[in-house]
Amino acid sequence: MTLTLWLSLLAICLLGAMSPGPSLVMVTKHSLAGGKANGLAAAWAHAFGIGVYAFISMVGLAVIFHQLPWLYQIISYAGAAYLIYLGVNAIRSKGGIAAKLEAGQTMSVWQSAKEGLLISLLSPKISLFFAALFSPFVASVHSIDGKILMVMTPFIIDGLWYTLITLMLSNQRLLNGLRKKAVLIDRLSGLILVALAGKIILSA
């Protein structure tokens with residue numbers, strides 16, 4: 001995998017991790033309800049589920065594209081449409097991050113980890129995102145090292161992002177700052193997602 005291709009993958013994985021949704025709510029809830037240990041357990045269990053999705057998506061898409069090359073374009077266009085949908089919703093958001101921050105009931109670290117894993121494995125949004133994410137890369141990466149990097153990148157990025165969220169929630173000043181800039185964060189993420197969708201359409 002070339003550095004340019006990996007940087008593109010890195011950027012998309014980072015945007016995917018930062019996209020507000022059920023995963024953010026879950027990690028936030030466990031961080032606020034149980035503390036740093038619960039938040040980290042939820043974060044890295046969620047990241048493990050992302051890694052599982054990345055592996056399954058890569059293997060499955062590789063087989064499909066080899067047997068049905070015309071399906072590559074269909075999945076690319078469908079993925080681009082989904083990214084546009086996410087982007088437009090983020091641009092129109094009135095501060096999804098701030099609105100979704102909530103505290104939950106205290107629970108064990110194991111329970112936090114279990115919920116973190118399940119929300120990543122059972123989310124249709126994540127499965128659709130990986131269809132959009134991996135379609136431009138599967139056809140371009142053939143080496144074992146490249147494929148391992150394709151799986152490890154979303155796993156590590158997801159885990160580090162939600163680790164950062166957990167650590168931020170232990171600092172009230174940073175938490176208040178995040179709430180104040182929630183609309184700006186959503187809209188900037190939306191613009192970048194739409195731009196990435198345009199790139200996928202042009203390269204399909």
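**View 1. Ala-37 at 46% relative accessibility, a partly exposed residue of the predicted model.** With a relative accessibility of 46%, Ala-37 counts as partly exposed, where partly exposed lies between buried, under 20% relative accessible area, and exposed, over 50%, computed with a 1.4 Å probe on protein chains only. Ala-37 lies in helix α3; helices (H or I, at least four residues) and strands (E, at least two) are DSSP runs numbered from the N terminus. Between Ala-37 and Thr-166 the separation is 129 residues in sequence and 8.9 Å in space, C-alpha to C-alpha. Residues are numbered from 1 along each chain as its sequence is written, and side-chain values use heavy atoms, with hydrogens and water left out. Because this is a predicted model, local features need pLDDT of at least 70 and side-chain atom pairs count only at pLDDT 80 or more, whereas totals for chains, interfaces and linings use all residues.

View 2. Thr-163 is placed in helix α8, which covers residues 144–168, and it counts as buried because its relative accessibility is 16%. The side chains of Thr-163 and Trp-44 are joined by a polar contact of 2.8 Å, a polar contact being a pair of N or O atoms within 3.5 Å in which, within protein, one must be able to donate a hydrogen and the other to accept it, and residues adjacent in sequence count only if both atoms are side-chain atoms. The side chain of Thr-163 also reaches the backbone oxygen of Gly-159, at 2.7 Å. When neighbours within four places in sequence are left aside, Thr-163 is in contact (heavy atoms within 4.5 Å) with Leu-40, Ala-43 and Trp-44.

**View 3. The largest nonpolar core.** A nonpolar core is a set of buried Ala, Val, Leu, Ile, Met, Phe, Trp, Tyr and Cys residues joined through side-chain atoms within 4.5 Å. The largest one holds 37 residues, of which Phe-129, Phe-130, Leu-133, Phe-134, Phe-137, Met-150 and Tyr-162 touch the most other members. At least two residues of this core come from each of α1 (3–18), α2 (22–34), α3 (36–67), α4 (71–92), α7 (124–138), α8 and α10 (182–203). Leu-133, not counting residues up to four places away in sequence, touches Leu-9, Ile-12 and Cys-13.

View 4. The structure holds one cavity of 30 Å³ or more, where a cavity is a set of points, on a 1 Å grid over the protein atoms alone, at which a 1.4 Å probe fits but cannot get out, and lining residues have an atom within 4 Å of a point. The largest cavity has a volume of about 270 Å³, and among its 21 lining residues the closest to its centre are Gly-16, Ala-17, Ile-50, Ile-126 and Asp-158. Helices α1, α2, α3, α7 and α8 each supply at least two residues of this lining, with α7 giving the most, at five residues.

**View 5. Ser-19 in the loop between α1 and α2.** The loop between α1 and α2 contains Ser-19, which is buried because its relative accessible area is 16%. Although Ser-19 and Gly-87 are 68 residues apart along the chain, their C-alpha atoms are separated by 9.3 Å. As context for this view, the protein has 10 helices and zero strands, and 45% of its 204 residues count as buried.

Definitions and conventions. 1 Å grid on protein atoms, 1.4 Å probe; cavity = no way out; pocket = protein on both sides within 12 Å on 5 of 7 lines; lining within 4 Å. Points joined across faces, edges and corners; volume = space filled by probe spheres on them.
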